[in-house]
Amino acid sequence: MTELYKEAEAIVMFEKDCEEELRTEKFLRFMKATRLIYLAIIILTVLFMIWWTFSQQHLMFVLYFAFVILCIVGIYLYKRKFMKNMFYLQFTACNMKKALTVYLVMLRNSKEIEKSDAALYGIGSVLLCMGEFDKAIEIANLIERYTNTATSKVYALIIRTSAAFYKKETETLESCIEQLGQMAAQNATPFIRPTYNMASEYPEILKFQENSDYAGALELLSKEEYNRETLSKVSSNYRLYRIAKAVGMEQEAARHKEFVLANGGDSFYRKSIVNE
């Protein structure tokens, strides 16, 4: 357990989901074991080729390499299944408790601090969805303190940008967007350009909310990038619900509210409506 993990855990102050913790630990142990599996396959392949050179048993040749391919494909599919489930928890099921558990366990098992930025970013993004904006900013601080790569700087800035958006801190938001624009021009990280494009529209969304402009907000939030995953749709419907409710559009407000309640999981979007 690293000092980085201890600091992150102290910030989050969170009781992990036991089932998801065990599942993630099992996956990480398996991924460590794959190094030995690949090494064993290489050694066995060398020995097999030496044996086959003399025996020339073609059936055994086919069977052995079929076995090797099945091992490699099996490892790949298991890893892919785990990663799909990890993203499903946060972006489709909106199950923030389970998603946060996964990222925390991954951070706990990370021995190389410089490669911990992805897990920290995951923790920060989930905290934002839980309404823990100040805690998310503290996680961004950890990313900047412990890692020093171009990608980690992008991760930290995205968290700060989103936090400023949720907290309606317009000056901080505009400053973060400007920095994101500079990074997008200099950084080849694939996700930074679409992230910057979306973030550049955040001030406009806040103006729609402030002015209770339902038509303008509906037009903007109906764009594809705001409706790719369930979580994005929940966020859009939550903002539209707030605007529709403010201007007395009861039918529209009820429709957006129903969507958030049905799909919002344990996100702050759903909780804030439930607690009204």
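Phe133 and Phe268 are both buried in this predicted model. Their ring centres lie 5.5 Å apart with the planes at 90°, so the pair is edge-to-face. Phe133 belongs to helix H6 (residues 133-146) and Phe268 to helix H14, and the pair links these distant parts of the chain across 135 residues.

**Aromatic pairs**

A pair of aromatic rings is described by the distance of the centres and the angle of the planes. The structure holds 15 aromatic pairs. Among them, Phe165 and Tyr166 are tilted, with 5.8 Å centre to centre and 35° between the planes. Phe165 counts as buried because its relative accessibility is 5%, under the 20% limit. Phe133, Phe165, Tyr166 and Phe268 belong to one aromatic cluster, which also includes Tyr202, Tyr238 and Tyr269.

Ser267 is located in the loop that runs between helix H13 (250-263) and helix H14 (268-274). With a relative accessible area of 0%, Ser267 is buried. Its side chain reaches the backbone oxygen of Gly264 at 2.7 Å. Not counting residues up to four places away in sequence, Ser267 touches Cys94, Met96, Cys129 and Val234.

**Salt bridges**

Side chains of opposite charge can pair when their charged atoms come close. The count of salt bridges comes to 16.

| Glu20 | Lys98 | 3.7 Å |

The salt bridge between Glu20 and Lys98 has N and O atoms 3.7 Å apart. This pair links helix H2 (residues 18-55), which holds Glu20, to helix H4 (residues 96-108), which holds Lys98, over 78 residues. Glu20 and Lys98 are both buried.

Glu201 sits in the loop between helix H9 (192-199) and helix H10 (202-210), whereas Lys223 sits in the loop between helix H11 (214-221) and helix H12 (230-246), 22 residues apart. Glu201 is buried at 14% relative accessible area, while Lys223 is partly exposed at 29%.

Through shared partners, salt bridges also join Asp17, Glu19, Glu20, Arg23 and Lys98 into one network.

Definitions and conventions. Residues are numbered from 1 along each chain as its sequence is written. This is a predicted model: local features need pLDDT of at least 70, side-chain atom pairs count only at pLDDT 80 or more; totals for chains, interfaces and linings use all residues. Side-chain values use heavy atoms; hydrogens and water are left out. Helices (H or I, at least four residues) and strands (E, at least two) are DSSP runs, numbered from the N terminus. Buried means under 20% relative accessible area, exposed over 50%, partly exposed in between (1.4 Å probe, protein chains only). A polar contact is a pair of N or O atoms within 3.5 Å; within protein, one must be able to donate a hydrogen and the other to accept it, and residues adjacent in sequence count only if both atoms are side-chain atoms. Contact means heavy atoms within 4.5 Å. Rings of Phe, Tyr and Trp (its six-membered ring) pair if their centres lie within 6.5 Å; planes under 30 degrees apart count as stacked, over 60 as edge-to-face and the rest as tilted. A salt bridge is a side-chain nitrogen of Lys or Arg within 4 Å of a carboxyl oxygen of Asp or Glu.
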